[in-house]
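The paragraphs below walk through a two-chain complex, one element at a time. Keep the structure open beside the text and find each residue as it is named.

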Amino acid sequence: MRNAEHATTQRVSRRTLLRRVGLGAGTVLVLGAGAVGYRAYDHGVFSVGDGAAYDPWSSGKEHAGTPMAMVAAAVLAANAHNAQAWLFRVSETRIDLFADRARGTGALDPFRREMYVSLGCALENCVLAGPANGFASRVTLLPDPTQPLHAARIDLTRRESPTGDLYEQIPHRHTNRNAYQKGRSVPDAALEAMSGLVGLGDARLVWITAEPERRKMGDLLIEATLAIVADRDQERANNDWFRQDWDELQRKRDGLTIDAAGLSGLVAAVAKLLPAQSDAALDSGWVDGTRDRQVPTAAAFGILAVADSTDNAQRLEGGRLLQRVHLWATKEGISLHHMNQLTERADRERDLGVTPRFGAALRELISGGRLEALSAFRVGYADDAGALSPRRAVESVIL
Amino acid sequence: MTLPRRAVALGMVGASLGVVAGVVQITVGPNMREWVGDKQDTTRLGLATVLLSALALAAATMLWRRPHASAPARLLAAAGLLIPAAICFTTVGRLWFVPGALLVAAGVLVVVGMRGEHREVSHALGRHGFAVLTVLLAAYYVFLGAVALGFAGATGVVGGLLIGAALFAAKRHGARLGAALLVVGALPFAILTWWSVVTPLIAALVLAIGGRAVARTRP
């Protein structure tokens, strides 16, 4: 009898103990889930493309009918590392575009090639936005030879004229770093149409579509990426423009982001939930993405070539062309990803005075002649539209 | 002043200052980011601070009106003081230092005052612990749903409400309906945002912990 009572007491105690253990474990898990949930909120896992840093993509109409609307279009332009190295001085009859040297990308762009190409992209958006806001534009590149930072002057006159197709694409254009559909090529007619957008005398677009050349270009891009991450100065300059922290991203409103890096939603979410990654991890992620996702799925590579890639005026005109190509591709549902590794390495070789391995390879890719590579990109069709990149407000780029 | 009265006074002052901190963040937060934890989303975080401070104020008021409430009720009030105090250290930056410290002190005093009532507290926790955890998970869903964009966000808010309702449905109409509401509440948001890692994790916990809470409920 006593033994039975003892057994019952022991059974109840065990059940109670198990319940308490279960409740304790549940409490720990629920509190842990709360902490993870809060981190997901705090790091923008559920807010891709949301917040003040992304407002400029949808706030263009605020300044409609004024020169500021043209600047609002300009700040949405393609630009290297999303450094947004532009400043504008605006009056009723004129917009002046200046390079912001404080936003240079250091060892990645020692001769400011990318900076002026990016300014050309912004200039093109600005001009395209003119007719929609009742302005005709007259552009003067580098109006003051003594002031190389004064990239362009746009004289405005009030005139009604039709809005172009490309203007409509400005809020929809963005670099797509995702994998593209494998085996789906871009029609020759589309490539020819993009080549036809060239407006500068000596500039041309070189398309690399055949498999052997595409593989060669892809291998060079991977090697250039590896060379950049192995070069301490270039690696640091590259990672300086990568925004891992959501609050920093929303505050600075520039740079490359986890969301726009071309990662899957799952990997991007995990990357945001984990603590900020080291430079080595960022390098490895970039190399892997280039090698495994971006290069193998490119339908074609494009190289924009000009007569003199060191001439700022040609860089600006090249940038305008590049922007038109990107806007036209957007209209046709073609994704485009600017890939500057080769030109960045070529400039670095020149800067260091070493054997021009990538410089020589670029010359070979565009079949020699007297043209020089200015910029490179890949095109293709992506399943996913890709994410927007943050932008500074118009008010913060006005002098 | 007795221990409970001290706790009530600290809780009331701390929660009221917390409401003020939230209102300040909503109204002038963008102009004083270094004071509000460098947060960009000052409106939503300010609103969250106000709501959580109001919760703490409700807890302090309950202690003031019912100083001799049962031990489980006082424990709940302590949680109502301590949880907002902890969360708001991450929402409103330096503005929370004073209200947060006062609320933590109040919560600790309430817990200290419950010495000797261990058995009663432990019994109540044993009876309702899983239900409390389920309500907490439902609140996570509502919060993340409010943060997420578009249709997915709406499924989060509605899902959270359904998870909360599941406990009451189980009590009134039986465990089967409660379990069905848990599933319907938890799965859509988790499926639509599976890539987020967080929502599938919460959904799994809802099904495991909420399922147990519902199964223990008797109509």
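Begin with helix α10 of chain A, residues 279-294, in which Leu282(A), Trp286(A), Thr290(A) and Gln294(A) are buried. These buried residues pack against the helices α6 (211-230) and α7 (232-240) and against the strands β6 (242-243), β9 and β10, which all belong to chain A. The model is a predicted one, and every value given here should be read with that in mind.

The pairing of β9(A) with β10(A), residues 372-380, is antiparallel and runs over four bridges. To locate the pairing in the model, look for Ser335(A), whose bridge partner in β10(A) is Gly380(A).

Chain A also holds another open sheet of four strands, with the order β1-β2-β4-β3 and antiparallel pairing. Which strands stand at the edges here? They are β1 and β3 of chain A, and because each has a single partner strand, one side of each is left without a neighbour in the sheet. Neighbouring strands of this sheet are turned by 20 degrees against each other on average, direction ignored.

The pairings can be followed across this sheet from β1(A). Five bridges join β1(A) to β2(A), and the two strands run antiparallel. Within this pair, Arg89(A) stands opposite Asp96(A) of β2(A). Asp96(A) also stands opposite Arg153(A) in β4(A). Strand β2(A), residues 94-99, is joined to β4(A), residues 150-158, by five bridges, again antiparallel. On to β3(A), residues 135-141: seven bridges join this strand to β4(A), and the two run antiparallel. Phe135(A) has Arg158(A) as its bridge partner in β4(A). Strands of a sheet pair through backbone hydrogen bonds, either parallel or antiparallel.

Chain A as a whole has 13 helices and 10 strands. Its C-alpha trace spans about 105 × 50 × 40 Å along the principal axes. Of its 399 residues, 46% are buried. Among the contacts in chain A with a separation of 6 or more, 79% are between residues 24 or more positions apart.

Turn now to chain B and its helix α6, residues 150-173. This helix has 24 residues and reaches 33 Å from its first C-alpha to its last, close to the 34 Å expected at 1.5 Å a residue. A kink of about 30 degrees is centred on Ala166(B). Ala166(B) is also one of the buried residues of α6(B), which include Gly156(B), Gly160(B), Leu162(B) and Leu167(B). The buried residues of this helix pack against α5 (118-147), α7 (175-192) and α8 (198-215) of chain B. After α6(B) comes Gly174(B), with a positive phi near 110 degrees.

Where the chains meet, 25 residues of chain B and 27 residues of chain A take part in the contact. On the side of chain B that touches chain A, α5 and α8 each supply at least two residues. The largest share of that side, 10 residues, comes from α5(B).

Last comes the confidence of the prediction. Chain B has a mean pLDDT of 89, and 97% of its residues reach 70 or more. Among the elements of chain B, α7(B) has the highest mean pLDDT (96) and α5(B) the lowest (85). For the complex, the predictor gives an ipTM of 0.78 and a pTM of 0.82. Where pLDDT is low, the predicted coordinates should not be read in detail.

Definitions and conventions:
Residues numbered from 1 in each chain as written. Chains lettered and ligands numbered in written order. Predicted model: local features only at pLDDT ≥ 70, side-chain atom pairs only at ≥ 80, totals over all residues. Pairing = 2+ DSSP bridges. Expected span 1.5 Å × (residues − 1). Bend = angle between axes of the 7 residues up to and from the residue. Buried ≥ 20, exposed ≤ 12 C-beta atoms within 10 Å, placed from the backbone. Contact = placed C-beta atoms within 7 Å. pLDDT = per-residue confidence, 0-100. Axes fitted to C-alpha atoms, helices over the stretch in contact; angles between N-to-C directions.
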